[in-house]
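Please read the following note beside the model, point by point.

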Amino acid sequence: MLLILFFSLSLFSLSFSQSNSLSLSFPLSLSKKTSNISPLYPSLYSKTSSHGSFKLPVKYSTALVVSLPIGTPPQPTDLVLDTGSQLSWIQCHDKVKKKLPKPKTASFDPSLSSSFSLLPCNHPICKPRIPDFTLPTSCDQNRLCHYSYFYADGTLAEGNLVREKFTFSNSLTTPPVILGCAQASTENRGILGMNTGRLSFISQAKISKFSYCVPRRTRFNPTGLFYLGDNPNSSKFKYVTMLTFPKSQRSPNLDPLAYTLPMKGIKIAGKRLNISPAFFKPDASGSGQTMIDSGSDLTYLADEAYEKVKEEIVRLVGPMMKKGYEFAAVADMCFNAGEAAVVGRRIGNMSFEFENGVEILVGKGEGVLAEVEKGVKCVGIGRSGRLGIGSNIIGTVHQQNMWVEYDLAKKRIGFGGAECSRLK
């Protein structure tokens, strides 16, 4: 599941996509042999830093973007960090053979990598109905495994499935990872799929812990940090135990591979809103599931919870709301940017409550608002029902200036406040 909504309407696998135009499919015709698939190698982390981790910067505008070294020798490749999706895919450009102009952002040239290989269509992943992996695959005219990814706004991402290493140093590499190689996409960056599915990047690379720090968004596109492995700041984190679901559980509205949190409530200006905790827990159909997702910009609430939040916002600053305005058909708690400071003071703090008494401050003063277009700022919450889902999704707009750690071994999520743009 890819949950990305840019404020300019971009990637969203249950909603919108990274582009408004369709990409076409062309099979790769590179002079690389297809390979037999071997078992995954030992963990990525054998000998790293004293904290057993790898650190790199993460850029933030409307998405979290990391540049990872892919291939042999490594090529820096821009990827959107997405904890809501499984398949990783990269932008493939055969720049040497086709003499293409340099892409606007870092992309990958398969012809320059000695570790690149194409998946044959007789590989098990290319057969339909693989458990926990619903990506449509097929066999192309070159007997290579072809994939197609459709998004709800009609955008199509497709290409060939391949295997490639992530090469962080001469002594630090991942095993060959299965990922998509998009050659004809109109987008200029790929996706780093980080959910709990067996084909996500972290599952294939056997990474049991990662974290990121989302900086406060400004017009200057600030930079935060991303750790693969241990985070040296984790002693200060507050932890919430994730909800997990048996693999056999199949509910129409449940995403069993998502990072699901036991949310209990929402506070605005210290007041706990009258929202039943049941609205934040999955029911028999899966509706009500509360997920944290680095691939979604906005936070989304099921209609019942959204109405309670809006009721309180109207009570506090109703006369200042833009009448008849709705952003992207999902968010209508919006204001003129010139009044944002006053609106922020009147709204005060916003926090999310979880089990075991954990309370996370997600917005303070003007920080509860996000600019969605020039001159307009909105409370960064949308109605998930408008997307055709009944889930709650905590997006990056409510993860700013905090560490978020995903500890898969202990099945918990950690939170810690930080000035992310000042971290080194």
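How many salt bridges does the count come to? The count comes to 14 salt bridges, a salt bridge being a side-chain nitrogen of Lys or Arg within 4 Å of a carboxyl oxygen of Asp or Glu.

1. On conventions, this is a predicted model in which local features need pLDDT of at least 70 and side-chain atom pairs count only at pLDDT 80 or more, whereas totals for chains, interfaces and linings use all residues. Residues are numbered from 1 along each chain as its sequence is written, and side-chain values use heavy atoms, with hydrogens and water left out.

2. As to the overall fold, the protein has four helices and 28 strands, these being DSSP runs (H or I of at least four residues for helices, E of at least two for strands) numbered from the N terminus. Buried residues make up 58% of the 424 residues, where buried means under 20% relative accessible area, exposed over 50% and partly exposed in between, with a 1.4 Å probe and protein chains only. Of the contacts (heavy atoms within 4.5 Å) between residues at least 6 apart in sequence, 68% join residues at least 24 apart.

3. Among the salt bridges, Arg383 pairs with Asp332, with the closest N and O atoms 3.7 Å apart. Arg383 belongs to strand 25 (residues 381-383) and Asp332 to the loop between helix 3 (303-317) and strand 20 (334-336), so the pair ties together parts that are 51 residues apart in sequence. Both Arg383 and Asp332 are buried.

4. Lys377 and Glu366 also meet through their side chains in a salt bridge, at 3.0 Å from N to O. Because Lys377 lies in strand 24 (residues 376-379) and Glu366 in the loop between strand 22 (359-364) and strand 23 (369-373), this pair ties together parts that are 11 residues apart in sequence. Lys377 counts as buried at 17% relative accessibility, while Glu366, at 37%, counts as partly exposed. A network of salt bridges links Lys267, Arg272, Glu353 and Glu359.

5. Which side chain of opposite charge is nearest to the buried Glu405? That side chain is Lys209, 4.6 Å away, and Glu405 has no salt bridge; in this assignment Lys and Arg count as positive and Asp and Glu as negative, while His and the chain ends are not counted. Glu405 is placed in strand 27 (residues 402-407), and its side chain joins that of Tyr239 in a polar contact of 2.6 Å. A polar contact is a pair of N or O atoms within 3.5 Å; within protein, one must be able to donate a hydrogen and the other to accept it, and residues adjacent in sequence count only if both atoms are side-chain atoms. Beyond four places in sequence, the contacts of Glu405 include Lys209, Phe210, Tyr239, Arg412 and Gly414.

6. In a second case, the charged end of Lys322 sits over the ring of Tyr325, 5.5 Å from its centre.

7. Gly414 lies in strand 28 (residues 412-417) and, at 0% relative accessibility, counts as buried. Gly414 and Val240 are 174 residues apart in sequence, yet 6.4 Å apart in space from C-alpha to C-alpha. Residues touched by Gly414, beyond four places in sequence, include Phe237, Tyr239, Trp403 and Glu405.

8. Turning to the rings, the structure holds 10 aromatic pairs, for which rings of Phe, Tyr and Trp (its six-membered ring) have centres within 6.5 Å, with planes under 30 degrees apart counted as stacked, over 60 as edge-to-face and the rest as tilted. The centres of Phe210 and Tyr259 are 6.4 Å apart and their planes at 75 degrees, so this pair is edge-to-face.

Notes
A charge sits over a ring if NZ of Lys or CZ of Arg is within 6 Å of the ring centre and within 35 degrees of the ring normal.
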